Structure formats: C-alpha cells, structure tokens
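Let us take a walk through this structure together, one part at a time. Please keep the view open beside the text as you read.

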Amino acid sequence: MAQVFNKSANNIARISMVMVVVLAGTAFYAYTQIARSSYLTGRYVEKQQPVQFSHKHHVGDDGIDCRYCHTTVETTASAGMPSTQTCMNCHSQIWADSPYLELVQKSFRENKPIEWQRVHDLPEYTYFNHSIHVAKGIGCSSCHGAIDNMPAVYQENTLQMEWCLACHREPEKFIRPKSEIFNMQWQDSDLSPADRDKLKADYKIRSKEMLTSCSVCHR
Amino acid sequence: MQVDKELQQKLRPAMVEGEHTFASVTDKISDVTLKKRTPFHWFIGFGISFLVAQLLLFSVVWLLANGIGVWGNNQPVGWAFDIINFVWWIGIGHAGTLISAILLLLNQKWRTSINRFAEAMTLFAVACAAMFPLLHTGRPWLAAYWLFPYPNTMGIWPQFRSPLIWDVFAVSTYATVSLLFWYVGLIPDFATLRDRAKNKYYRFVYAILAWGWRGSARHWHRYEITYLILAGLSTPLVLSVHSIVSFDFAVSQIPGWHATIFPPYFVAGAIFAGFAMVLILCIPLRHWYRMQDFITHTHLVYMGKVMLATGLIVCYGYAMEAFFGWYSVAEYEVFMVKNRIWEGPYWWSYWLLILCNGLSIQLLWFKRFRESEFWLFTISVVVSVGMWLERFVIIVTSLHRDFLPSSWAMYSPQIWDWTMFIGTIGFFFTLIYLFVRFVPIISIFEVRTLLPDAHVHGHQQDFDESVLEVEYTYDRTDPPNS
C-alpha cells in the first residue's frame with residue numbers, strides 16, 4: 001500500500017514539535033509584554049485638556065510650587081484640583097485678554113468649573129491617599145515624573161499593581177527628606193543607602209509585610 | 001489435562017472468550033469505526049446527549065452574563081453545586097487511571113479490554129470537572145492569573161500555601177498525563193485504522209494521528225518503555241489527585257471537614273464512583289457493539305468486586321467521620337455530627353447517602369447480584385447518585401450551620417445549578433459517543449496479546465508473558481519509508 005505521506009513528513013513532524021514550544025513561548029512572552037504596553041496602561045500618552053495648560057511653563061519656567069494649585073496634597077487622599085479662582089489670582093492681571101484663556105474667563109464668569117481630563121485614573125477597588133505618601137517622604141516626581149518638563153501632562157508610570165508593590169516592598173529606595181518632597185530635580189541617588197535607612201526609621205515607615213498586606217490598598 | 005484446564009479457567013479465567021484469531025480481533029474492533037454503518041441507536045444517543053450539552057452552553061452563557069448570583073450559593077454556603085460537581089466528576093475519572101496504570105503495573109490482564117474507554121472516560125470527566133472551579137470564579141477569563149503562577153502585572157504570586165492552588169496543579173497534571181497515556185496507547189491502533197481505512201480522508205486523519213507508526217521492533221521497544229514510564233507517572237496520581245482535592249476541605253477548619261481520614265476516604269470514594277461509571281458505560285457498550293467476547297462476564301464480576309471493596313472503605317470513612325466528631329469532644333464537631341445525621345434539616349440527604357453507598361453495595365456480596373448485569377448496572381447508577389450525595393452532605397451540611405448561629409442559612413439549588421450539572425452530563429456523553437464512533441473502543445493490539453495465538457511456546461507456565469508483548473510483530477507492516 002502506498003504511503004499516506006511522503007518522506008518529507010518526517011521533517012515536518014519534527015519541526016512541528018519544536019515549533020509548538022517556540023510558538024507557545026513566543027505567545028506567552030508577547031502576552032506579558034502587551035499586558036504592560038502603553039496601549040493598555042495609558043503610560044506616556046498625553047491627554048488633551050480643554051485649556052492648553054502647560055505644567056512645563058508654570059512649574060518649570062515660573063517655579064510655582066505644586067501646592068499652590070494642588071492644595072490638599074498634604075492633608076487628604078486627593079491632591080485637589082484648583083478652582084478657576086486659583087487661575088484668576090494671576091490671570092485676572094496677566095494674559096487677561098488672551099484667547100487661550102477664553103474658557104477660563106467663561107468658567108469664572110458663569111461660576112462653572114472647567115472639566116479637566118483625569119490623567120491618573122486608579123481603579124475603584126484601590127484605596128490611594130496622597131497625604132500619607134507625602135508625609136512619609138515620597139516626592140511628587142517619584143510617581144508623576146518630571147512634571148516641570150511636560151507641556152501636556154502624561155502618565156509617567158504604568159500604575160499597575162507590580163509598580164505599586166515595587167515601592168511598597170522597598171520604600172527606602174525611593175524616600176527623601178521632608179524638604180525635598182516638591183523638588184522636581186531630586187534624584188534617588190542623592191542619598192546614600194545608610195541615610196535612606198535612617199530616614200526610613202525617622203519616618204517610622206512600617207515593615208514590608210505591613211505595607212504589602214492586601215488591606216493597605218484594597219479596603 | 002481436562003481437569004487442569006478447568007482449574008486454570010477458575011483460577012485465571014480467559015479474558016477473551018470465543019474463537020478468535022489476530023485477524024478476527026482486529027476486524028471486530030476496527031469495523032466499528034471503519035466498516036459498519038453507524039447504528040441508529042448511536043444517532044439517537046448522540047442526539048440526546050448533544051441536546052443536553054446545549055443546556056450547558058446556555059447555562060454558561062447565562063452565568064457569565066449575570067454572574068454567579070444566578071446560582072443558589074449564599075453565605076455561609078459559599079461552595080455548593082460548583083464544588084460538589086467538581087469533586088464528583090474528578091472522582092469518576094479515577095477508575096480510568098487506576099485501570100490503566102496500577103493494574104498494568106500489577107500485570108492484571110483483565111485491564112486490557114477495558115482500559116481504552118475507561119481512560120477516555122477519565123479525560124472527559126476531567127474536562128467536565130475543570131469547568132466548575134473555573135466558572136465558580138465568575139470571570140473565568142481572569143482565572144488564569146488567579147490560578148497560575150506567571151509573571152503577572154500585579155507583581156504577586158498565587159498563595160502557595162492554599163490547597164486551591166495545589167488543586168490547580170494536581171488537576172492539570174492529571175489531565176496532561178491521562179491524555180498522553182491514552183494517546184500513546186492509541187498510536188498502534190491508529191496505525192491499524194490508517195492501514196485499513198478505505199476512505200481517503202479517514203486515512204489522512206488517522207495517518208496524522210499515528211505519527212508514522214510502522215510496527216517495527218524498534219517502535220515496539222520504544223512504545224513499551226514510554227507506556228511503562230507513563231504508567232509509573234500515573235500511579236501516584238491515582239492517589240495524589242483526590243488526596244489534594246480532599247485537602248480543599250481537610251486543610252480548612254470547618255467542622256466535618258478538618259479530619260485526617262479525608263485523603264484515603266476521598267481516594268477510595270473516587271475509585272468507587274469511577275468503577276460505577278465504567279460499569280454504566282461498558283454494560284450497554286458490550287451489547288450494542290457485540291463486544292461480549294472481549295468485555296467478558298468475568299470483567300464485570302471483577303469490577304463488581306472492586307466496587308464492593310472500595311465501597312466498604314467509603315463506609316468505614318462514614319463511620320470514622322461520626323467517630324471523630326464524638327471522640328474530639330469539640331462542641332462544634334459534636335454539633336455538626338448530630339446536625340448532619342439526625343437533628344439538622346438535611347438529615348434526609350445523609351440517610352439517602354447511606355442507602356445508596358452503604359446498603360446498596362451489600363448486595364454485591366452475593367453471587368446472584370454480582371453476576372447479573374441488570375443488578376450491576378442498577379447498583380452502579382445508585383452508587384453514582386450516592387457519591388454525588390456524599391459531596392452534597394459533606395459540603396452543605398458542614399457549611400449551612402456556621403460557628404455563629406446568626407450566620408446560619410439554608411441552601412437550595414436554583415434552576416441554573418441544575419441545568420449546568422445536567423448539561424455537563426450531556427457534554428460527557430456527547431464526547432463518549434464521538435469517541436465510540438471515531439476511536440477503537442478496545443485496544444486492538446493489546447487484546448491480541450491475550451489470545452492463545454500469542455502464546456506460541458510449549459511451556460506456557462514457565463514462560464514470562466511480558467516478553468511476548470515486545471516480540472509480537474505488527475500484522476500489516478508497511479515498507480519503511482526512510
């Protein structure tokens with residue numbers, strides 16, 4: 001009886017055995033990468049805002065402190081979004097007639113807030129509090145990146161759980177003195193490891209086990 | 001000599017009856033797949049099973065659309081049909097593995113004609129079982145990262161100290177090894193079907209499945225080694241899988257679950273349920289396909305005996321559960337035993353269980369019942385119901401009375417609990433019917449080794465029969481293609 005397959009089928013069979021492993025491995029690797037891609041996390045994607053507000057200009061050039069606008073960052077869970085009145089503190093005098101500020105003027109006249117687009121959107125099942133992070137020596141730029149260089153703000157980090165845990169497991173790698181919290185130029189290498197450990201003790205930062213227990217973030 | 005023969009038949013009964021040669025065995029089994037017209041009863045059976053399987057599809061869609069609130073699960077009965085059915089199905093699979101692996105290693109010849117479909121039964125039962133814990137999560141597409149350790153974006157691993165993760169490994173290992181074992185055993189038979197198929201497409205598919213098997217001595221040598229290795233791998237699985245399933249309960253501290261008897265008691269129960277299912281399948285099968293020569297009366301009697309033995313172990317387990325409760329002098333354990341057996345609202349389920357699993361099998365002590373196909377089949381069905389009730393009793397009666405009386409609640413299954421359970425039964429039989437139609441239901445080449453023709457040596461008693469399986473050559477050898 002004739003053979004169903006010719007001799008080359010032997011090689012196809014052998015190659016297919018290898019390819020199953022290679023393809024499955026590749027697909028798995030691709031999955032782990034796609035799961036962390038900016039397509040899914042929104043990382044590095046600039047959000048368009050109703051008003052062309054530039055952090056680069058206001059923070060970088062003018063040197064306005066973060067807390068001038070985000071007033072509640074040291075005291076509450078939310079850092080706080082400035083009201084239009086905050087804008088008008090300056091812009092009733094400077095660039096008061098600029099067409100770029102049309103919407104701000106309108107908001108002020110009609111007493112209706114500007115609808116800013118949220119850039120850092122955490123899922124509802126996570127509990128996040130700005131004030132505790134600031135109080136325990138985590139600076140703005142540690143999570144938000146070089147805001148003073150961003151004309152339009154984008155998300156600097158993935159905001160995925162592994163990113164949160166990277167710090168909660170080793171907070172001493174990212175802490176800085178109280179005076180440097182709002183310093184946009186701060187580098188984590190500015191402190192020696194010994195200083196960090198001392199700082200961690202001074203801040204009374206709790207153990208890794210406490211910081212990584214489920215209910216710290218999922219309440 | 002005549003006396004000797006009679007004695008031999010009594011001590012080691014022939015596992016193939018009737019006058020058979022290598023050719024007639026091959027014809028008889030492969031014709032079911034290749035030659036005979038698909039019988040009408042196949043279409044009826046497949047049709048009904050397939051329709052019932054649609055119920056599963058519908059239930060799953062409904063579940064995913066609405067969430068697991070459509071089930072009757074509540075607090076404190078957070079586990080109910082989903083876990084009852086999981087344990088029931090996974091237990092049924094165990095007989096297949098026992099028959100294929102342990103009986104092979106123990107050189108029990110009677111496994112030969114039932115191992116093929118018992119293994120198929122294992123695979124299909126595991127497929128049904130695996131559905132329940134996945135769907136129990138409510139969002140099975142997310143279950144991958146809850147269950148499997150891989151570098152996920154959460155930066156954490158599953159809880160390795162939880163028996164639930166041990167379960168994932170136990171069941172997936174079990175499914176993989178069972179599939180390999182079944183498939184490797186099928187390769188020589190697929191080659192037979194390939195060589196005998198007249199239809200071009202059949203031949204093409206069977207040729208792929210046979211992986212170029214030519215039946216050379218080298219092929220057989222490697223086959224024997226592989227098969228033994230897989231048997232060795234499967235053997236611990238017979239014990240480990242259901243032990244780990246029992247840890248889901250025993251490792252917790254719920255009264256009635258936290259007992260050391262659980263692993264052996266669950267394993268015995270699994271084999272008990274599995275043999276009941278093998279009997280349920282093989283009694284009609286041997287009639288419909290006229291396989292009485294291969295699945296003989298002796299086979300049925302042996303399986304009845306295994307059922308009796310494992311059933312008695314299970315009964316010992318029931319006795320011990322009650323004893324442990326009493327002996328512990330722990331308030332909650334004592335309450336649970338009383339509540340389960342006579343004081344609680346589910347007392348009827350306990351006594352139904354004792355009736356099905358404890359009393360019904362006592363009939364098997366008697367030759368009259370053990371040798372009657374009708375009674376074996378009936379007892380098997382009753383035992384299958386009983387083993388389902390056993391899981392119901394263990395799970396529901398332990399959970400519905402929580403430690404705090406304020407948390408007490410009743411559990412009653414909802415319509416979607418039932419449709420999903422019945423749906424998996426339809427799915428199981430759909431797969432069984434497809435298997436019967438397209439795969440040789442009995443291992444052709446292994447049955448041939450049981451024939452007198454395979455025992456060509458004069459001094460049969462002194463001869464090590466296992467050597468024959470290696471020496472035996474394939475009856476339709478193709479010219480080597482390399």
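Start where H4(B) passes H16(B) in a right-handed crossing. Here "right-handed" is used when the near helix is turned clockwise from the far one by less than a right angle, and "left-handed" when it is turned anticlockwise. The helices themselves are DSSP runs of H or I with at least four residues, numbered from the N terminus. Before going further, note that this is a predicted model, in which local features need pLDDT of at least 70, side-chain atom pairs count only at pLDDT 80 or more, and totals for chains, interfaces and linings use all residues. Residues are numbered from 1 along each chain as its sequence is written, while chains are lettered from A and ligands numbered from 1 in the order in which they are written.

Back at the crossing, H4 of chain B covers residues 81-105, and its axis comes within 10 Å of that of H16(B), at an angle of roughly 15°. Axes are lines fitted to C-alpha atoms, for helices over the stretch in contact, with angles from 0 to 180 degrees between N-to-C directions. The two helices are therefore roughly parallel, a label for angles under 35 degrees, whereas angles over 145 count as roughly antiparallel. Where they meet, B:Phe81, B:Asn85 and B:Trp89 of H4(B) touch B:Asp417, B:Phe421 and B:Thr424 of H16(B); contact requires C-beta atoms, placed from the backbone, within 7 Å.

Helix H7 (residues 163-196) and helix H9 (residues 217-250) of chain B pack at about 150°, with axes 9 Å apart. H7(B) and H9(B) are therefore roughly antiparallel, and their crossing is left-handed.

Next, find H3 of chain B, residues 40-66. Its 27 residues reach 40 Å from first C-alpha to last, close to the 39 Å expected at 1.5 Å a residue, where the expected span is 1.5 Å times one less than the number of residues. Which residues of H3(B) are buried? They are B:Ala53, B:Leu56, B:Ser59 and B:Leu63. "Buried" stands for 20 or more other C-beta atoms within 10 Å of a residue's own, "exposed" for 12 or fewer, and "partly exposed" for anything in between, with C-beta atoms placed from the backbone. The cover over these buried residues includes helices H5 (115-136) and H16 (415-438) of chain B. After H3(B) comes B:Gly67, with a positive phi near 90°.

Now look at the largest nonpolar core, which has 124 residues; B:Ile90, B:Ala125, B:Phe272, B:Phe275 and B:Val278 have the most contacts inside it. Such a core is a set of buried Ala, Val, Leu, Ile, Met, Phe, Trp, Tyr and Cys residues joined through C-beta atoms within 7 Å. Its largest share, 16 residues, comes from helix H10 (residues 262-288) of chain B.

Finally, turn to where the chains meet: 15 residues from chain B and 15 residues from chain A take part in the contact. On the chain B side, H8(B) gives the most, with three residues. Over in chain A, A:Asn111 sits in the loop between helix H6 (102-110) and helix H7 (130-135). A:Asn111 has a positive phi of about 55° although it is not a glycine.

Definitions and conventions
Contact = placed C-beta atoms within 7 Å. Parallel < 35°, antiparallel > 145°, perpendicular 65-115°, else oblique.
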